[in-house]
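Subject: Structure for you to look at

Hello,

Here is the structure I said I would pass on. Please open it and keep it on screen while you read the notes below.

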Amino acid sequence: MPNQIQAGFEFEAIFQEAAIGIIVTNSQFEIILSNRFADTLFGYETSELVGENISLLIPNHLKDRHHGHLENLGHEKPISRPMGIGLDLKAKRKDGSLFPIEISLSHFKASDSMHYIAFVSDVTLKRKVEMELILKNQQINQLNETLEQEVAARTQALQNTLDKLEVNAKELEISLEKEKVLGDLKTRFVSMASHEFRTPLTSILGSATLIEKYAKAEDQPKREQHINRIKSSVSHLTEILEEFLSVGKLEDGKLEIHPTEFTLRDFLQDILTDFSTYQQAIRLELASDFSCFQDASILRKVIFNGLSNALKFSQKEIILKVEKQTNQVLITIIDQGIGISEEDQKHLFERFFRGGNATVIQGTGLGLHLVDRYMRLLGGSVQIKSELNKGTELHIRFPMR
């Protein structure tokens, strides 16, 4: 008997001093026991909850739903389980205020009757900490998102800078390449000018000096000979300057097209008269005459240049062949001269370029460059087929209208 009293006393001490609210109900869910922690938790005096229905501690708006849960609990086989964990479960104090709780529900039988035990914890602080953690997580997520946006913006800015640097590098590379090209052009021009201008100027100076010595009347034939040399040299200088001016006009886009109607035979015969003093013959091959509507002045310069080159680099007969094609005219100038190497053919249309085997022959290196630019202006094209020591074919193609 003393052992039972001691056990009962120990149970009472554990029950009352437990740091968690403990409530015991009968099968009708009437509270038969509550410890001091539970009384304080819900705001009641000691033993004031005894005899009250557990629904007294349920918020008013949840009583109907809770009543249904209690009925189900009374009819089902009881299961010990936690309640409210992870849920927004609230209880009501005596003063009507609500606070969040977590419950661990258990049961036992006594005198053939089911009893229920609820272990109740106030999780107000826990919920507050959880809410603060949620807010902190939201802030962290927001900061992460802001950081990601900042990183993305910085990355994009860096990429833009890299793109600009790449563009600047390319522009610098292009500028350097242009500088190199201009340097090459300058070198070629100086080389050409020093040769092409010196020769006629030397001839003019020499002829003028000799004319002074021929003071007698019987020296008139010699004077005329030197006068003709001076005229020829001046004409050559004029042609060089004309080529320079033409290049400038083409580069600036100031050269305009003025097409007119003309027949090919009369047009070509007029050009051939300018070459009547040359030793080589120029054979015109034109099956039937026809007319076209083009800029005769520009076309004359193209053909004149082609024939001049053919006569300059060949000692044999030159063929000027004309073919009428569908809406186009093909003029081919064929010579049997020194020809052009494959390597030189890649640069023939560049300004001031002269073939390796033509440096000792008079020329500015602008002729074919001008021919190419003129033909593009007329909507046509120019092509060259050549082989060293076997001659050259210059193909000039342009629309009839």
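This is a predicted model: local features need pLDDT of at least 70, side-chain atom pairs count only at pLDDT 80 or more; totals for chains, interfaces and linings use all residues.

The protein chain contains 10 helices and 13 strands. Of its 401 residues, 34% are buried. If you take the contacts between residues at least 6 apart in sequence, 58% of them join residues at least 24 apart.

The helix pair

Start with helix 7 (residues 264–272) and helix 8 (residues 296–312), whose axes lie 11 Å apart and meet at an angle of about 50°. An angle between 35 and 65 degrees counts as oblique, and so helix 7 is oblique to helix 8. Their crossing is right-handed.

Which residues of helix 7 and helix 8 make the contact? From helix 7 they are Phe 267, Leu 268, Asp 270, Ile 271 and Leu 272. Helix 8 contributes Ala 296, Leu 299, Arg 300, Ile 303, Phe 304 and Leu 307. Sorted by class, this contact has 9 nonpolar residues, 2 charged residues and no polar ones.

The nonpolar cores

Two residues from that contact turn up again here. The largest nonpolar core has 40 residues, and within it Phe 267 and Leu 307 touch the most other members. Elements that give this core two or more residues include helix 7, helix 8, helix 10 (367–377) and strand 8 (282–286). Strands 10 (318–325), 11 (328–335), 12 (381–387) and 13 (391–399) are also on that list. Helix 8 gives the most, with 8 residues.

What is Leu 307 in contact with, leaving aside its neighbours within four places in sequence? Its partners are Ile 271, Leu 272, Phe 275, Ile 282, Ile 318, Leu 320 and Ile 333. There is also a second, separate core of 19 residues, with Phe 42, Ile 54, Ala 118 and Val 120 among them.

Helix 10

Is helix 10 mostly covered or mostly uncovered? It is mostly covered, with 8 of its 11 residues buried. The buried residues of helix 10 are Gly 367, Leu 368, His 369, Leu 370, Val 371, Asp 372, Tyr 374 and Met 375. After helix 10 comes Gly 379, which has a positive phi, near 80°.

Regards

Key: Residues are numbered from 1 along each chain as its sequence is written. Side-chain values use heavy atoms; hydrogens and water are left out. Axes are lines fitted to C-alpha atoms, for helices over the stretch in contact, and angles run from 0 to 180 degrees between N-to-C directions. Helices (H or I, at least four residues) and strands (E, at least two) are DSSP runs, numbered from the N terminus. Angles under 35 degrees count as roughly parallel, over 145 as roughly antiparallel, 65 to 115 as roughly perpendicular and the rest as oblique. A crossing is left-handed if the near helix is turned anticlockwise from the far one by less than a right angle, and right-handed if clockwise. Contact means heavy atoms within 4.5 Å. Ala, Val, Leu, Ile, Met, Phe, Trp, Tyr, Cys and Pro count as nonpolar, Asp, Glu, Lys and Arg as charged, and the others, Gly among them, as polar. A nonpolar core is a set of buried Ala, Val, Leu, Ile, Met, Phe, Trp, Tyr and Cys residues joined through side-chain atoms within 4.5 Å. Buried means under 20% relative accessible area, exposed over 50%, partly exposed in between (1.4 Å probe, protein chains only).
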